[in-house]
Amino acid sequence: MTLPPKPESRPAKVSLWRYAKLFRQDILSAQPARLYRAWMAEFKTPFFRSYLINQPDLIQDVLKTRPDDYPKSNRIGEGLRPLLGNSVFLTNGETWKRQRRIIDPAFEGGRLRETFPAIWDAAEAAAARLAPHDGEPLEAEAQTSHAAADVIFRTLFSIPIEHHMAREVFDEFKTYQRSQPILNIAAFVPLPRWLPRLFRQDTKRSAAKIRQLITALTAERMEAIKAGTAPDDLATKIMTTPDPEDGSTFTTEEMVDQVAIFFLAGHETSASALAWAMYLVATHPDWQDRLAKEAQVIDQCDFAVMGKLKQSRDVFREALRLYPPVPMMVREASCPATFRDRQVARGAQVVISPWHLHRHERLWDNPDGFDPARWHSENGKKCQREAYLPFSAGARVCPGAGFAMVEGPLILSRILRDYRIEVVGEKPPVPVAHLTVRSKDGILLRFVRR
């Protein structure tokens, strides 16, 4: 059986400037094939050393055992600051800890069950949008982006994407995606804090417009909270939760930063994984038939249905393995360390790559193959514990991971209940990393009513 598409690796040796150019175009194909086998690799530049680690115990040390010794690197975040400001995605230290103390309660306990009706409505709307296009070729990522953005607005602000403000944010974000490279020059050249960052004008304009729209939504919710008329959704929960240590709550500006990352992380990542999941079932009709049969249990809004969508969950988990939305995470060593008898200096960049880890030839059985049943094998269970990081791990694990694992399988199953998904054309999509792992030229699929 044909393996799911995977980008070609670059030649083993290239110059630094060639590597930088390849990196800006796509970080996946810019890497050598040996990273799918190596436990660790060192990359040297004139300005810093970088170490990519695939060895599970090293990853455990960086993400779980000593996370404070390996704060998030500013190199990747530099390019996102015009949009994300000082959001929880970019901050470190006490600022980050305070933000998580305020944010985390919104995603704990029964909140997922409480927000399930909003996710259900978004899934129903996603299926309904396909009806006028029965059998027509459609760009899958456009459909999944629409659906994922709808989930964000319904769960965060209790408004569907058809709301004029939600629609404006969504449309402007598509403009931002096209203008924003995954890296800017700061990823390779350490710039002093006082030196202005050279962002593209269209990137800055688009980020400013998105923040302006989010500010209006946030200010409106602040007023509703004061008036006692605010709905009990995620935005209200986060904006009214005090820091248990000092009693402070987010200001409007702080909340805008957080909403920006909720939209980026919750919309971009879910849309990416869902589009690849649709492509994978389209190319594996046996699994598609299983999921379609399983999906017949979907008939009314009841959180208990998620316990019946087990195969859909396995397929979505496998899509996250093969195409992790966030392909690389970068930390910075705040003190000297030793990795595999190699001295790692303070300030060195530590790269954890779910893209390579999830396909590592010395860890996974059939690493490049599509096999949702793997999660019930001994190898799959072991790798899920030690080598599976679609939402990061440890203290900085994504707070919305549970939401994603409901949203993805539910929308996938809801569509497969009514539609058969078929691939259009013979050319497979080529994975590339922009803000998340997307297809270079989109994913063209046909949705045919059953």
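Biologist: At what angle do helix H7 and helix H11 pack?
Modeller: This is a predicted model, where local features need pLDDT of at least 70, side-chain atom pairs count only at pLDDT 80 or more, and totals for chains, interfaces and linings use all residues. Residues are numbered from 1 along each chain as its sequence is written, and side-chain values use heavy atoms, with hydrogens and water left out. Helices (DSSP runs of H or I, at least four residues) and strands (E, at least two) are numbered from the N terminus. H7 spans residues 140-157 and H11 residues 252-282; their axes, lines fitted to C-alpha atoms over the stretch in contact, lie 8 Å apart, and the angle, on a scale from 0 to 180 degrees between N-to-C directions, is about 140°.

Biologist: Which residues of H11 does H7 meet, by class?
Modeller: Contact means heavy atoms within 4.5 Å. Phe-153 and Leu-156 are among the H7 residues there, and Phe-262 and Leu-274 among those of H11. Ala, Val, Leu, Ile, Met, Phe, Trp, Tyr, Cys and Pro count as nonpolar, Asp, Glu, Lys and Arg as charged, and the others, Gly among them, as polar. Across both helices, the contact has five polar, one charged and 14 nonpolar residues.

Biologist: Which residue in S11 stands opposite Val-423?
Modeller: S8 and S11 run antiparallel, joined by five bridges. Opposite Val-423 stands Leu-445.

Conventions:
Pairing = 2+ DSSP bridges.
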